[in-house]
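Please look at the sequence and the fold before reading on.

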Amino acid sequence: MTAMQAARNAAYAELFAAKLAEMRPGFAATLARRLTRMEQVRDSDVLLSSPAQAMDLFRHYAHKTAGMAATMGFPELGELSFAAEAAVTRYMENPAHLAAALDAVDDMLGEMALIVHDYPA
């Protein structure tokens, strides 16, 4: 690699990092909304009265979050979201997996809460 190529790559890396830093607060705001909605469902009667509906919401948000978290610089949230999506899918196939699904969702929510805390609205 030439010095010119190295300088160009460094400039692109700086631009990418700056753009990512600019986008993170918006992503954190989206996480805050998802976190609030999922906590409301988790802590309400919906989980008891309509567990399939609640779990579908959890799976939907886990899928959406897993897709963006690593890109936005939050790889642990990406992994936990992917794990939550997989655990909820297992529950949907076999309701005996409810406890594992809820544990995975809680792990994801905990990581979301840490990120939201670091990027207050």
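Is Asp 56 buried, partly exposed or exposed? At 38% relative accessibility, Asp 56 counts as partly exposed, where buried means under 20% relative accessible area, exposed over 50%, and partly exposed in between (1.4 Å probe, protein chains only).

The model is predicted: local features need pLDDT of at least 70, side-chain atom pairs count only at pLDDT 80 or more, and totals for chains, interfaces and linings use all residues. Residues are numbered from 1 along each chain as its sequence is written, and side-chain values use heavy atoms, with hydrogens and water left out.

A salt bridge here is a side-chain nitrogen of Lys or Arg within 4 Å of a carboxyl oxygen of Asp or Glu. By this rule there are four salt bridges. One of them joins Asp 56 to Arg 59, with the closest N and O atoms 3.1 Å apart. Both residues lie in helix H3 (residues 51–69), three residues and about one helical turn apart; helices are DSSP runs (H or I, at least four residues), numbered from the N terminus. Arg 59 is partly exposed, at 24%.

In helix H1 (residues 3–42), Glu 22 and Lys 19 are also three residues apart, about one turn. Their salt bridge has its closest N and O atoms 3.1 Å apart. Glu 22 is exposed at 55% relative accessibility, while Lys 19 is partly exposed at 43%.

Another salt bridge, 3.0 Å from N to O, is formed by the side chains of Asp 106 and Arg 42. This pair links distant parts of the chain, with Asp 106 in helix H5 (residues 98–118) and Arg 42 in helix H1, 64 residues apart. Asp 106 is partly exposed at 34%, and Arg 42 is partly exposed at 25%.

How values were computed
Helices (H or I, at least four residues) and strands (E, at least two) are DSSP runs, numbered from the N terminus.
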